[in-house]
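Dear colleague,

Please find below the sequence and structure for your review. A summary of the findings follows.

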Amino acid sequence: MRPRSLLLVSLLALGSSPAPFFAPNPRTGQQADTIERKEYDLAPLKNAKLPIIWVLGGPGSGKGTQCDRIVQKYGFTHLSTGDLLRDEVKSGSKRGRQLTAIMERGELVPLEVVLDLLKEAMLQKVGTSKGFLIDGYPRELSQGKTFEEQISPCTLVLNFDASPETMTKRLLHRAQTSGRVDDNEETIKKRLQTFLTHSKPVVEHYADKCRTISAENDPDVIFNEVQQCLDKVVASA
Ligand code: AP5
Ligand code: MG
């Protein structure tokens, strides 16, 4: 069957489901594969009115390290979009197979895919959560706007700022043990480039809610600053 016919069959089969995302075929670069979409009832998330904290910063800036500490102190639900994507890859699903190539190239996975994974994870936890700590999202402005339109407004943005040299050094060190397919010199360069291309508009758009913290220091020093921001959120929640 020719690619056009395949697309048509996929569309008909999906019926009234959300529009499928047409991802480029990783081998041919052609827009032939569809990444499946699902429909979610987001009312529980909208009604919960929990604090939502987005955690931004380049690759190796220390988002995950600081999130672990935040969870320990504040008990928020930590959802890392990178971890959700890696879990999906490990699951061996069709959606996962389509993601591997994108992540190995250090590029951004399509918004729809990341947002669907986030919605699923948030819905699973909403009943018991004190608030969501969303690590690695939004990486481009459209991600932030769509999240707020479909799910809930974000309460606070934590932005960890480190130099490309610092981030590269940390990731190359982690590469010795991490086993991550994107922890290698070539992909680290591409991840940094992707970050530098897309992050500035996000920080500028959410300037009122955004707290930028230097991530060059020792993790304890950074966490002291994080606490100053989060104590205010908790007090007003
Ligand atoms: P993701 O998994 O989020 O990777 P990343 O953003 O590149 O960041 P890392 O997880 O590598 O670093 P980190 O900032 O968490 O630092 P960490 O604490 O681990 O995303 C992977 C890929 O998934 C993306 O490239 C993209 O393809 C895709 N993706 C993810 N989210 C997406 C989205 N929203 N949209 C589209 N695509 C998306 O620390 C790193 C190292 O440094 C560790 O060894 C740590 O011990 C050390 N360290 C941390 N802090 C310090 C410190 N203060 N001093 C010294 N060492 C430190
Ligand atoms: Mg991380």
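Which residues line the largest cavity? In this predicted model, that lining is made up of Leu45, Ala48, Lys49, Leu50, Ile52, Met122, Val126, Phe132 and Ser152. By class, 7 of them are nonpolar, 1 is polar and 1 is charged. The cavity holds about 40 Å³ of space, and a search of the whole structure for cavities of 30 Å³ or more returns 1.

The second largest pocket has a volume of about 160 Å³. Helix H4 (81-90) and helix H5 (94-104) are the elements that each give two or more residues to its lining, and the largest share, 3 residues, comes from H4. Arg86, Val89, Lys90, Thr100, Met103, Gly179, Arg180, Val181 and Asp182 form the lining, with 3 nonpolar, 2 polar and 4 charged residues.

Turning to ligand 1, 30 residues surround it, the closest being Thr65, Thr81, Glu107, Arg139 and Arg174. This shell divides into 10 nonpolar, 11 polar and 9 charged residues. At least two shell residues come from each of helix H3 (63-74), H4, helix H8 (164-178) and helix H10 (219-236); H4 gives the most, with 4 residues.

Several polar contacts to ligand 1 may be of interest:

- Arg180: a side-chain N or O atom is 3.0 Å from an oxygen atom of ligand 1.
- Arg191: a polar side-chain atom lies 2.7 Å from an oxygen atom of ligand 1.
- Asn217: a backbone N or O atom lies 2.9 Å from a nitrogen atom of ligand 1.

Taken alone, ligand 1 exposes 1000 Å², of which the protein buries 85%.

Kind regards

Key
Residues are numbered from 1 along each chain as its sequence is written. Chains are lettered from A and ligands numbered from 1 in the order in which they are written. This is a predicted model: local features need pLDDT of at least 70, side-chain atom pairs count only at pLDDT 80 or more; totals for chains, interfaces and linings use all residues. Side-chain values use heavy atoms; hydrogens and water are left out. On a 1 Å grid over the protein atoms alone, a cavity is a set of points where a 1.4 Å probe fits but cannot get out, and a pocket is an open set with protein on both sides within 12 Å along at least five of seven lines; lining residues have an atom within 4 Å of a point. Grid points are joined across faces, edges and corners, and a volume is the space filled by probe spheres set on the points. Ala, Val, Leu, Ile, Met, Phe, Trp, Tyr, Cys and Pro count as nonpolar, Asp, Glu, Lys and Arg as charged, and the others, Gly among them, as polar. A residue is near a molecule or strand if one of its heavy atoms lies within 4 Å of it. A polar contact is a pair of N or O atoms within 3.5 Å; within protein, one must be able to donate a hydrogen and the other to accept it, and residues adjacent in sequence count only if both atoms are side-chain atoms. Accessible areas come from the Shrake-Rupley method with a 1.4 Å probe; for residues, only the protein chains shown count as cover.
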